[in-house]
Amino acid sequence: MSKLILSERAARIGIAPNAAAKARAQALAESGRTVIELTSGEPDFDTPESIKDAAIAALAAGQTKYTAQAGTADLRNAISEKLARENGLSYPAAQIIAGNGGKHVIYNAFAATLRSGDEVIVPAPFWQSFPAMVSINDGTPVLLAGLREDGYKLTPARLDAAITPRTRWLILNTPSNPSGAVYDADELLALAAVLSRHPHVWVLLDEIYEHIRFDDGSREHLLTLAPDLADRTLIVNGGSKPFAMTGWRIGYGAGPVELIQAMTIVQSQSSSAPSSIAQAALAAALRGDQRFVRDSVAAYRERRDLLLAALSRIDGLSCVAPQGAFFAFVDCSALIGAITANGRTIRSDVDLVDFLLYEHGLAVVDGTSFGVPDHFRVSFVAGREAIVEGVTRLAAAVAALTRHDAGFSSSQPTLTEAV
Ligand code: PMP
């Protein structure tokens, strides 16, 4: 058999670590073990009936053909109305493109704009597809780790220090996957002030978790706070998270017309427009009753609180309460160096995640793969029972470890600090 030769671009990337974690959990489950799977960012709710009905109506009406490459006028108008109604922003349909999910929209933006060696600032912890999509499109991801004391957020000083003449984009994801951090109005204004001094840097604003918020903070949009940034910002959003439409593969971008045109050309020579049925469904979702969004967020909030309460009772783990999105990003640094019952040392978060999966049947994702070691990510959008069983297993697993600092709670000073 002839040996497969990969393209240089394909050789630069690997399978997304959360997909790999999910696959390992599934393989273990198929071997007969019960595995609690808290890896994915996928709501356990079904898509609301009214949205499914809109898809069925589109099929019945014969909306089964290719659509315009950037998406139907109807969907782009629905997105334009949404941006005006919910965000106070004015985007005519010509500044909007629909893609096969928010992920595809981001991919198209990089494919359309990056030249070899161009830099893209990716604040860490990051959604793992950000650096991969930069790399496959010949760019260089510049990873900027956020500190826990800053709530894992990018600070203006760190942004300023990272910008070079080769910087093309800053990725801003708020609420953030995996940290759940939300940038408030002051923080957005401070970042915008830095960007105003660097007019060559564009902003990829990933707002896919826009509505998944648990705080009472400001909802003001970056572009109403700093309207000058609009001519170099791409807003990314979609149906997956607010309307539990992950499998429909439908998302959108809104930005300057030249960028949208360039992305439309890339799309027209690769996937063409997304499915006509999914487009009709998203248009109905955006225009319809938003009760599902409110009710599902209330359910996620309960599950988040349940998870946080259980985590706070596990000595050795701690986390900054997520203000949005679907995950808790748990600090496990106190467990590094601990010994398992069969004598194995937990040397890293990756070891810990393996231990949790293979010895306790709990699947979570290591922080290293999000650019911040000594952490792991737990999803709280699985069903309630899965969360309860998951934290029970987590507590048992941590209790089974022997730590050097046994006898000291993680909040007490260590001996060296006390001296
Ligand atoms: N951005 C972030 C931060 C995400 O977590 C995801 C999905 N996991 C996406 C974008 C893309 O979602 P989709 O392609 O389903 O719209």
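Which helices each supply at least two residues of the lining of the largest pocket? The model is predicted: local features need pLDDT of at least 70, side-chain atom pairs count only at pLDDT 80 or more, and totals for chains, interfaces and linings use all residues. Residues are numbered from 1 along each chain as its sequence is written, and side-chain values use heavy atoms, with hydrogens and water left out.

**View A. The largest pocket and its lining.** The helices in question are α2 (17-30), α5 and α6 (129-136). Helices (H or I, at least four residues) and strands (E, at least two) are DSSP runs, numbered from the N terminus. The largest pocket holds about 640 Å³ of space. Of its 28 lining residues, N18, G41, K103, W127 and K241 are the closest to the centre. A pocket is an open set of points on a 1 Å grid over the protein atoms alone, where a 1.4 Å probe fits, with protein on both sides within 12 Å along at least five of seven lines; lining residues have an atom within 4 Å of a point. Grid points are joined across faces, edges and corners, and the volume is the space filled by probe spheres set on the points.

**View B. Helix α10 and its buried side.** Helix α10 covers residues 257-268, and its end C-alpha atoms are 16 Å apart, in agreement with the 16 Å that its 12 residues should span at 1.5 Å a residue. The expected span is 1.5 Å times one less than the number of residues. L259, I260, M263, T264 and Q267 are the buried residues of α10. They cover an arc of only 135 degrees around the axis, which puts them on the same side of α10. The arc is that of the directions from the helix axis to the C-beta atoms. E258 and I265 are exposed on the face turned away from the buried side. Buried means under 20% relative accessible area, exposed over 50% and partly exposed in between (1.4 Å probe, protein chains only). The buried residues pack against β2 (96-99), α5 (102-113), β5 (167-173), β6 (202-206), β7 (233-238) and β8 (251-254).

**View C. T39 in its loop.** T39 lies in the loop between β1 (36-37) and α3 (49-60). With a relative accessible area of 1%, T39 is buried. Leaving aside residues up to four places away in sequence, T39 touches A21, K22, A363, V364, V365, R377 and S379; contact means heavy atoms within 4.5 Å.
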